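Here is a briefing on one protein model. Look over the sequence and coordinates first.

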Amino acid sequence: MPARSSLVRQVAGRFLVAFLLSATLSTLVGAWVYYAANKQAAEAQQTSARDHYTNVIADLERRWGREAFNIKIRIEAQRFLEDPKQRKEQLLAYLTAQGGSIEFPSLRIEDPKGELIVSFEYADDKIPKVKFLPGQESTWALDPIHGHLFLVFRQLIWLGNENGYLLLFKPMDHALLTQYGYPHTRISLWWKGKPIASSEGEDGLVLAAKAFQQSGSSATASLLPWFGIDNNNSPQLLIESTAPPLLGIGELAGPLAISLLTFAIAVWSILGAWGFRTLRRVLALERAQNRFRTLGTADATVDRDLRTGHGIENDEITALAVALENQMRESISESRWPDSGF
């Protein structure tokens, strides 16, 4: 016959297991809420940032296109290019006096065959040779030596006896991206898988390397192609959300611990105390029966245990206590039963 297991240990063990299961379930639910809320907030931030930079790119393309046309008109109005002998000196003097262009600090003027007539480079920034497709008005060009990326606009310009080409170079550098920063967002420009510029400078490029690899599966980073200029040969704008999590561990752990403690107190108040009180009644009946079997008669202790088993509830345990007392009474004479009976 297997060894008897204590009811107290059984009840206590089951309450402990129930509590641990509740704590585990609450922790899992809390972790799911933490992950889902933060992921949803990050995705909302990403959507907002992507919409913002989609509009920024469209606005920049329109603005730079207008500025390229205006620069062409201003140069033609000065009629520097109509005199082949003096146009280089006069144009450079004019551009130097004007301080160049804020949008296009470097430019190149070519003849119809693509041969260089004059170039103006800001701060010794070497501009690369650019090839345009037929009918193309803008494209991208990378300086392979220094790694500088330029957005290049091309305008027809009058040279006096024929049309040439005015090429305007917009550097895509750290300063440009910093100028168009967005709250809780870091952006970086990537050209064929290589970082070019970041809104946080060189340090931002180091931080963006990992995000670039995870941009397809991460809720905090995504790639936005710079379409509109040259859809077949465009860089990508990496948008990273740097906003803090919507929910912090501490913000979630505190309410979770309080709710778990409240649940434990409520369960103990409703079920725990009742369960152990019921258990005491059952154990009291067991003691009464064992003592009666040992003594062969009832005494005050047996009577007290029977009354404990009777309790205040009129339930099955009460019926068992009454039946046990009646059985004991039948086995002994009434005169030997203690006076403090039910």
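This is a predicted model: local features need pLDDT of at least 70, side-chain atom pairs count only at pLDDT 80 or more; totals for chains, interfaces and linings use all residues.

Residues are numbered from 1 along each chain as its sequence is written, and side-chain values use heavy atoms, without hydrogens and water.

**Salt bridges**

- The structure holds 14 salt bridges (a side-chain nitrogen of Lys or Arg within 4 Å of a carboxyl oxygen of Asp or Glu).
- R186 pairs with E200 at 3.2 Å, N to O. R186 sits in strand β6 and E200 in the loop between β7 and α4 (201-213), 14 residues apart. Strands (E, at least two residues) and helices (H or I, at least four) are DSSP runs, numbered from the N terminus.
- R186 is buried, at 11% relative accessibility, while E200 is partly exposed at 39%. Buried means under 20% relative accessible area, exposed over 50%, and partly exposed in between (1.4 Å probe, protein chains only).
- R186 also forms a salt bridge with E240, at 3.1 Å, N to O. E240 lies in strand β9 (residues 236-241) and R186 in strand β6, so the pair ties together parts 54 residues apart in sequence. E240 is buried, with a relative accessible area of 5%.
- D305 and R287 meet at 3.4 Å, N to O. This pair links helix α6 (residues 300-310), which holds D305, to helix α5 (residues 249-295), which holds R287. D305 is buried at 7%; R287 is partly exposed at 42%.

**Largest pocket**

- The largest pocket holds about 280 Å³ of space.
- On a 1 Å grid over the protein atoms alone, a pocket is an open set of points where a 1.4 Å probe fits, with protein on both sides within 12 Å along at least five of seven lines; lining residues have an atom within 4 Å of a point.
- The lining has 14 residues, and N38, K39, A41, A42 and T220 lie nearest the centre.
- Helix α1 (residues 7-78) gives the most to this lining, with six residues.

**Surface and loop**

- L25 is in helix α1 and is exposed, with a relative accessible area of 54%.
- G193 sits in the loop between β6 (185-191) and β7 (194-198). G193 is partly exposed at 42%. Its C-alpha atom is 9.5 Å from that of Q213, 20 residues along the chain.

Key: Grid points are joined across faces, edges and corners, and a volume is the space filled by probe spheres set on the points.
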